[in-house]
2 protein chains.
Amino acid sequence: MNLSDIIEEYIKNAIDEEEAIELKRSELAQTFNCVPSQINYVISTRFIPELGFYVESKRGGGGYIKISRISHSKADFLKSLICKLGSNMSQSVMDVYLRELLGYNIIDEKTAVVISTALSEKSLGQVDKIKRDQVRADSFKNILVKLI
Amino acid sequence: MNLSDIIEEYIKNAIDEEEAIELKRSELAQTFNCVPSQINYVISTRFIPELGFYVESKRGGGGYIKISRISHSKADFLKSLICKLGSNMSQSVMDVYLRELLGYNIIDEKTAVVISTALSEKSLGQVDKIKRDQVRADSFKNILVKLI
DNA sequence: TAACTTTGACTTTCTTTGACTATTATATAA
DNA sequence: TTATATAATAGTCAAAGAAAGTCAAAGTTA
């Protein structure tokens, strides 16, 4: 576990049951003995909307960073997700979506793993590299449609 | 016994009773006084799913290589199925296997649908027809390994 | 000779750091 | 009271650092 992972865990722990929490970037940085911008790094890689979080902040005196959990209607979510998808999808982007679906309880852990594995770079290894992302997008969309 | 064999033994020893271990590629390479990529060689030749292992890793600071034993407590069924599978699988053959897995309660209905959809002829439509059955076999095998 | 092993140069991914910028609240000056 | 300076925050971005991955050439061995 690196520092970013530790900070991530700390924040998730702090949110826990709450709907949202308010942090002081500089305090948190001091707590973990890192530069303040590392907090931004952690937030921008681990508390993104795709993972079910929403972040607001304010600068200046009394500034803060507020992290909230977001909740969504499942059907709407699936539909809008399908619309959003293009004809290409990398494995990492897919995994982000899967985590998002997980976060909203639209799929369970096992299903996420199955999909991720089925369409991993490894599984599609025999497909031309250029086409892999297209095949993945096709398949993923078909699955989402079935899930509705 | 060559170096790769020794490293293999070392890792197997380290896993021993454990479910999984986390290695640092560079540390291990130092321990055995070899180049880091030799660790990849050992892993890719001796810790493959067919031999009962699966491997995950992460690059960058705090990176690691995690090797897990595929647990024995789970159905031998999956293992023997994996061994049985060839390098080609049509959609209809896959669906037969899925129904079988369903019958043994190894997967649930939803998972079966997801897999079937993910690897349907439609989903793989962009893959050359000749390769579709190979890709499906690869992917299916990877899924089975994950299911263990 | 064919298969397996060892090596190393190059690539990719993820993290950490720090200099510089932008915004907000508060104190001070006009 | 209003404008301005100052301090207190947070944001951005790119460079440096820290792993792991890939691939092909060279070496070994059966």
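Biologist: In this predicted model, what makes residues of chain B count as being in contact with chain A?

Modeller: Two residues are in contact if their C-beta atoms, placed from the backbone, lie within 7 Å. By that test, 25 residues of chain B are in contact with 26 residues of chain A.

Biologist: Which helices of chain B each supply at least two residues of the side that touches chain A?

Modeller: They are helix 6 (109-118) and helix 7 (129-147) of chain B. Helix 7 of chain B gives the most, with eight residues. By class, this side of chain B holds nine nonpolar, eleven polar and five charged residues.

Biologist: Why is helix 1 of chain A called roughly perpendicular to helix 3 of chain A?

Modeller: Helix 1 (residues 3-15) and helix 3 (residues 36-46) of chain A pack at an angle of about 70°, and their axes are 10 Å apart. Angles of 65 to 115 degrees count as roughly perpendicular. The angle of about 70° falls in that range, and therefore helix 1 of chain A is roughly perpendicular to helix 3 of chain A.

Biologist: Which residues make the contact between these two helices of chain A?

Modeller: Helix 1 of chain A contributes A:Leu3, A:Ser4, A:Ile7 and A:Glu8, while helix 3 of chain A contributes A:Gln38, A:Ile39, A:Tyr41, A:Val42 and A:Arg46. The residues of this contact divide into five nonpolar, two polar and two charged.

Biologist: What makes a residue part of the surface near DNA strand C?

Modeller: A residue is near the strand if its C-beta atom, placed from the backbone, lies within 6 Å of it. There are 28 residues around DNA strand C, of which A:Ser37, A:Gly60, B:Ser4, B:Ser37 and B:Gly60 come nearest. Helix 1 and helix 3 of chain A, together with helix 1 (3-15) and helix 3 (36-46) of chain B, each supply at least two residues of this surface. The surface has eight nonpolar, 16 polar and four charged residues.

Biologist: How do you know that strand 1 and strand 3 of chain B pair?

Modeller: Two strands pair if DSSP finds at least two bridges between them. Strand 1 and strand 3 (residues 64-69) of chain B have four bridges, in the antiparallel sense, and therefore meet the requirement. In one example, B:Leu23 has B:Ile65 in strand 3 of chain B as its bridge partner.

Biologist: Why are strand 1 and strand 2 of chain B said to stand at the edges?

Modeller: Three strands of chain B form an open, antiparallel sheet in the order 1-3-2. Strand 1 (20-23) and strand 2 (53-58) each have a single partner strand, so one side of each is left without a neighbour in the sheet. Neighbouring strands of this sheet are turned by 15° against each other on average, direction ignored.

Terms used: Residues are numbered from 1 along each chain as its sequence is written. Chains are lettered from A and ligands numbered from 1 in the order in which they are written. This is a predicted model: local features need pLDDT of at least 70, side-chain atom pairs count only at pLDDT 80 or more; totals for chains, interfaces and linings use all residues. Ala, Val, Leu, Ile, Met, Phe, Trp, Tyr, Cys and Pro count as nonpolar, Asp, Glu, Lys and Arg as charged, and the others, Gly among them, as polar. Axes are lines fitted to C-alpha atoms, for helices over the stretch in contact, and angles run from 0 to 180 degrees between N-to-C directions. Angles under 35 degrees count as roughly parallel, over 145 as roughly antiparallel, 65 to 115 as roughly perpendicular and the rest as oblique.
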